[in-house]
Amino acid sequence: MKANPIVILAIESSCDDTAVAVMCDGKILANIVTTQQIHEKYGGVVPELASRAHQQNIVPVMHEALKIAEISLKDIDAIAYTQGPGLLGSLLVGASFAKGLSLALNKPLVNVHHMQGHILSHFIVGENKAPQFPFLCLTVSGGHTQIVLLKDYFDMTIIGETLDDAAGEAFDKSAKILGLPYPGGPLIDKYAKEGNPLKFNFPTPRIPNYDFSFSGLKTAFLNFINKEQQKNTTFIQENLNDICASIQYRIVIILIDKFEKAAKEHHINHIGLAGGVAANSALRTAFEQLAIKNKWTAFIPPFEFCTDNAAMIAMVGYLKYKIGKVGNQAQVANARMEFDVYKSS
Ligand code: KG4
Ligand code: ZN
């Protein structure tokens, strides 16, 4: 006899995207994301404005998701939400909304770690096969850069991470130095397509183990641009494509080299890329080439599951709900949350 399907409503509001998804047995029925444009003119996310925009967006975004999924609130088995990490004011909107909904509908809550969402987005049921364990994931976003080893869904260990800026910040800060609007990562990707990645040489930091550092690269980049602009005030305009291609090339090399070392030393065959920076075309190509070179299998989620979304939160909610790890009303939004780990042995 087939078990009843499990339907999850998921809410993500950790930064500047208000997102709601509906999932049935690991398959996405709706995945709605509203990106807040207001931050563009400030050159970065303004926390106070982000939480205000979440408050305005969350109800219409949920109704849109329910409409697309063709379900009503009474069909839901559990409500998953991002408990952390992220901007506290932003998290509070999603967490309070999820708690209110849980009380009103008398349905269980499932608290979710945002970065575990990025990692477990690889297991959203779709046309492609899911990765097998042990699985090594390179998670690259605006706030994090991590190499995570998974022996099972929730048996995950961070084996390397950034000591300062995240990879997404390295992209966004470089873009800002070039006078490009926030978030600059996708623009660097765009201009780099027409540029020569070997035109300008930027340094690779010497950091031990599997950790990363991007702050030295940012300073080197800033000094280089300032020096060249002093010599020629139109240096950026004349060389934009080559500058973008060269800085992108260096960020990608730093990420790929460390990840390759970690995968080899841990005898991994299945590798994954996750987080917003996984949308970067040069990184995706380098990751696929790395897998071909080493005879590994590479997993890169579809674009809509790479940048912040609630489908990935639904996936974690679904997996936790299935093993009985539901949350409660006493749990509070947590800007610095640690992974939820359940060891398999
Ligand atoms: O995972 P995400 O959507 O949000 C966080 O949890 O931080 O990642 C956002 C980051 C931003 O830094 C953005 O510039 C970067 O992902 N990003 C990209 C690209 N698309 C998004 N960076 C480089 N190339 C891209 N195509
Ligand atoms: Zn994220």
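Tutor: We'll take the metal site, then a helix, the cores and a cavity.

Student: Ground rules before we start?

Tutor: This is a predicted model: local features need pLDDT of at least 70, side-chain atom pairs count only at pLDDT 80 or more, and totals for chains, interfaces and linings use all residues. Residues are numbered from 1 along each chain as its sequence is written, chains are lettered from A and ligands numbered from 1 in the order written, and side-chain values use heavy atoms, without hydrogens and water.

Student: Which residues coordinate the zinc ion (ligand 2)?

Tutor: His 114 (NE2), His 118 (NE2) and Asp 308 (OD), at 2.0 to 2.1 Å. Donors are N, O and S atoms within 2.8 Å of the metal (3.2 Å for Na, K and Ca); water is not among the atoms, so sites may look incomplete.

Student: What spacing do the donors follow along the chain?

Tutor: H-x3-H-x189-D.

Student: Why are His 114 and His 118 about one helical turn apart?

Tutor: Because they sit four residues apart in helix 3 (residues 114-120). Helices are DSSP runs (H or I, at least four residues), strands likewise (E, at least two), numbered from the N terminus.

Student: Are His 114 and His 118 buried or exposed?

Tutor: Both are buried. That's under 20% relative accessible area; exposed is over 50%, partly exposed in between (1.4 Å probe, protein chains only).

Student: And Gln 116, where is that found?

Tutor: In helix 3 too. Gln 116 counts as buried because its relative accessibility is 0%. It touches Phe 154, Met 156, Val 316, Phe 339 and Asp 340, leaving out residues up to four places away in sequence. Contact means heavy atoms within 4.5 Å.

Student: New topic. How many residues are in the largest nonpolar core?

Tutor: 49. A nonpolar core is a set of buried Ala, Val, Leu, Ile, Met, Phe, Trp, Tyr and Cys residues joined through side-chain atoms within 4.5 Å. Leu 136, Ile 147 and Phe 214 are among those touching the most other members.

Student: Which helix gives the most to this core?

Tutor: Helix 7, with 15 residues. Apart from this core lies another, of 34 residues, including Met 115 and Ala 311.

Student: What does Leu 136 touch?

Tutor: Its contacts include Ile 147, Phe 259 and Ile 271, not counting residues up to four places away in sequence.

Student: Last one. What lines the largest cavity?

Tutor: Gly 43, Asp 172, Lys 176, Leu 180, Pro 181, Tyr 182 and Gly 184. A cavity is a set of points, on a 1 Å grid over the protein atoms alone, where a 1.4 Å probe fits but cannot get out; lining residues have an atom within 4 Å of a point.

Definitions and conventions. On a 1 Å grid over the protein atoms alone, a cavity is a set of points where a 1.4 Å probe fits but cannot get out, and a pocket is an open set with protein on both sides within 12 Å along at least five of seven lines; lining residues have an atom within 4 Å of a point.
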